[in-house]
Amino acid sequence: MYTPGKLDAVMDSDFGLGFLPIPKRTLFADDKQTLNEDDDSGLGMECAVDLTSDEDTSSSMIASLLERPFACFSPMEIQRPKKRSERMMEPMDESARKRPRFAERRKTLHKSLSFGDKPLGDREEVKDVVGRMVEESNLIGDGSQTCSLPTIPGKHQDLKSITNQTVVDVISGKYDDTIGSFLIVDCRYPYEYNGGHVPGAINAHRPEDIPSILSQHQSLRTAASDKRHIVIFYCEFSSERGPRMCRNVRKADRDLNKDSYPFLNFPEIYVMHNGFKDFYQTHQNLCKPMGYTPMLHKDHSDDLRHFRSKSKSWSGGSKRRVSGSRLF
């Protein structure tokens, strides 16, 4: 159960975030390397946005969320804060005695972005949002509501996964009472997308495509009115490219709205479990066009080599192992 004491400890310990590895395969150095369904086929797309932490005291508590916006908190990792009597017994150096109290040096933050509905709240408001995220795992990114779609345990614990049947239900209007607008993003290479994709999906597979996704926020929000607007990502197996694009969009969204935390343009984002390969097997008649082109298709070896080269240049020409946060 959430208590102010627990959240004080969360703030003092930078939320106690742990780390879990994110699987990554790259084909830059070794063309003989093969991929299977578990490894997916994404190549080298790095984060498109470098995020910086705010030095203001009242914003330092959310710096980790801006850098790791999906971070999952565990109540077991929150340590008990020291009692006042224990703190009073600790020795205090001369510099600490002269340091002003938090209330005296706290600065007032003002809204500076047109996207945000309201400015960054005070310390208690932010603590309340983080507290809900600690205790409830099925909240959307701004901590305001639970997910409107049923989620399942997927390949990535940090992301919200949904089945391809749920995607079909969204397209067919089953959730129109709660969802006013949606965007489906196919993160595969263009020749894969052109060979067949989920109806209505757009193709976005590069870091440069992230601003384009975020720019659609206002039109989708207007169409949604007082309902939800959501984004669904997928790739061939939804093992690497789709999840990576999902994370990068969230990071860019956090950075864009860092002065109005916890506001997000797209607080509700999902990954389609098992990707387009599974969607094609179960809903072939819905695919536009009705086909499925694997990334390793023999007729597209030149295209694949081209995108490998692009992926290598995007990552600075070097292979990099990514160690990921335990995310939410």
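**Exercise 1. Salt bridges**

Glu192, Glu236 and Arg241 are linked in a network of salt bridges. The model is a predicted one. Describe the pairing of Glu236 with Arg241, and state which ring the charged end of Arg241 sits over.

*Solution.* 
- Step 1. Take the pair. Glu236 and Arg241 meet through their side chains in a salt bridge, at 4.0 Å from N to O.
- Step 2. Check the burial. Glu236 and Arg241 are both buried.
- Step 3. Look for a ring. The charged end of Arg241 sits over Tyr189, 4.7 Å from the centre of the ring.
- Step 4. A search of the whole structure gives ten salt bridges.

**Exercise 2. Two further bridges**

Are Asp128 and Arg132 buried or partly exposed? Are Glu240 and Arg244 buried or partly exposed?

*Solution.* 
- Step 1. Start with Asp128 and Arg132. Their closest N and O atoms are 2.5 Å apart, in a salt bridge.
- Step 2. Locate them. Both residues lie in helix H6 (residues 123-135), four residues apart, about one turn of the helix.
- Step 3. Recall the geometry. An α-helix has 3.6 residues a turn, so residues three or four places apart point the same way.
- Step 4. Apply the cut-off: buried means under 20% relative accessible area. Asp128 has 34% relative accessibility, so Asp128 counts as partly exposed. Arg132 has 27% and is partly exposed too.
- Step 5. Turn to Glu240 and Arg244. Their salt bridge has its closest N and O atoms 2.6 Å apart. Glu240 is buried, at 3% relative accessibility. Arg244 is buried, at 12%.

**Exercise 3. An aromatic cluster**

Which residues form one aromatic cluster with Phe276? Trace two of the ring pairs through Tyr280.

*Solution.* 
- Step 1. List the members. The cluster is formed by Tyr234, Phe276, Phe279, Tyr280 and Tyr292. The structure holds eight aromatic pairs.
- Step 2. Take Phe276 and Tyr280. The ring centres are 6.3 Å apart and the planes stand at 40°, so this pair is tilted.
- Step 3. Find their spacing. They are four residues apart in helix H12 (residues 275-282), and therefore about one helical turn apart.
- Step 4. Take Tyr280 and Tyr292. The centres are 5.8 Å apart and the planes are at 40°, so this pair is also tilted. It links distant parts of the chain: Tyr280 is in helix H12, and Tyr292 is in the loop between H12 and helix H13 (301-314), twelve residues apart.
- Step 5. Compare the accessibility. Tyr280 is buried, at 17%. Tyr292 is partly exposed, at 24%.
- Step 6. Arg188 lies over the face of Phe276, 4.3 Å from the ring centre.

**Exercise 4. Helix H7**

What covers the buried residues of H7?

*Solution.* 
- Step 1. Name the buried residues of H7: Asn164, Thr166, Val167, Val168, Asp169 and Val170.
- Step 2. Identify the cover. It includes strands S2 (161-162), S3 (179-186), S5 (228-234) and S6 (269-272), and also H12.
- Step 3. Find its partners. Neighbours within four places in sequence aside, Asp169 is in contact with Lys174 and Tyr175.
- Step 4. Look just after H7. There Gly173 takes a positive phi of about 95°.

**Exercise 5. Lys227**

Where is Lys227, and which backbone oxygen does its side chain reach?

*Solution.* 
- Step 1. Locate Lys227: in the loop between helix H10 (217-224) and S5.
- Step 2. Follow the side chain. It reaches the backbone oxygen of Asp176 at 2.8 Å.
- Step 3. Lys227 and Thr178 are 49 residues apart in sequence, and 5.5 Å apart from C-alpha to C-alpha.

Technical notes:
Residues numbered from 1 in each chain as written. Predicted model: local features only at pLDDT ≥ 70, side-chain atom pairs only at ≥ 80, totals over all residues. Heavy atoms only, no water. Phe/Tyr/Trp six-rings, centres within 6.5 Å; stacked < 30°, edge-to-face > 60°. Helix = DSSP H or I, 4+ residues; strand = E, 2+ residues; numbered from the N terminus. Buried < 20%, exposed > 50% of the residue type's maximum accessible area, 1.4 Å probe, protein only. Lys NZ or Arg CZ within 6 Å of the ring centre and 35° of its normal. Contact = heavy atoms within 4.5 Å. Polar contact = N/O pair within 3.5 Å; in protein donor to acceptor, adjacent residues only side chain to side chain.
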